[in-house]
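Welcome! Please take a moment to look over the sequence and the model before reading on.

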Amino acid sequence: MHWKQSKNLQDGKMRFSKFNKILILFLFTFFVFIMDFILKTIFYNKNSLIFTYLQNRGALFGLFEGYLIGIIISSVLFAVILFLAYLYLNEILKSKFVKKLVKNDKSLKKCNFALILLFAGTVSNLIDRLVYGYVRDYVSIWKFPVFNLADISIFVGAGMLIFLIFDLD
């Protein structure tokens, strides 16, 4: 096992080995899942000013309710695409579109972190769907739909990618 950064001889910069990238991805995903699970357990059937327990049987904001199998299949496919994009980002960077997205090492780190956030949130909600048949949401702010930590992870990751795409740094 390689615990050190591997040397990329082409550009002389240090790059994480694939093993390290996978380790980081799964450790962060595990962290998001555990924190989300703990919060879901704490706020189970408790309602207060900003916490409202809700069983979301749909996808984004309750859309596609009643299509559990389709949502699960879509989530698995999305997670696989995110995993591959994260793992092979340096190879993907050879594409003209992605070169515009990731201009320097700082952008590369942001892109990697955005993919990690998207993957972690997707997997956390997928586990809920597989175990319970729905996603347990618990945060309720004003009139915004009820959401959870995994949703926040997805939202922030998507926002980071949007900022990178439109060069809004």
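Which elements do the buried residues of α1 pack against? They pack against α2, α3, α5, β4 (135-139) and α6, where contact means heavy atoms within 4.5 Å. Helices (H or I, at least four residues) and strands (E, at least two) are DSSP runs, numbered from the N terminus.

This is a predicted model, in which local features need pLDDT of at least 70, side-chain atom pairs count only at pLDDT 80 or more, and totals for chains, interfaces and linings use all residues. Residues are numbered from 1 along each chain as its sequence is written, and side-chain values use heavy atoms, leaving out hydrogens and water.

Buried means under 20% relative accessible area (1.4 Å probe, protein chains only).

| Helix | Buried residues |
|---|---|
| α1 | N20, K21, L25, T29, V32, D36, K40 |
| α2 | I71, I72, S75, A79, L82, A85, Y86, L87 |

The cover over the buried residues of α2 includes α1 (18-42), α3 (89-92) and α5.

How do the lengths work out? The expected span of a helix is 1.5 Å times one less than its number of residues. For α1, 25 residues should span 36 Å, and the end C-alpha atoms are 36 Å apart, which agrees. For α2 (residues 68-87), 20 residues should span 28 Å, and its end C-alpha atoms are 28 Å apart, so the two agree.

**The α5 and α6 pair**

The axes (lines fitted to C-alpha atoms over the stretch in contact, with angles from 0 to 180 degrees between N-to-C directions) of α5 (residues 105-132) and α6 (residues 149-165) come within 7 Å and cross at roughly 150 degrees. That makes α5 roughly antiparallel to α6, a term for angles over 145 degrees. Residues of this contact divide into 14 nonpolar, seven polar and two charged; Ala, Val, Leu, Ile, Met, Phe, Trp, Tyr, Cys and Pro count as nonpolar, Asp, Glu, Lys and Arg as charged, and the others, Gly among them, as polar.

Definitions and conventions
Parallel < 35°, antiparallel > 145°, perpendicular 65-115°, else oblique. Buried < 20%, exposed > 50% of the residue type's maximum accessible area, 1.4 Å probe, protein only.
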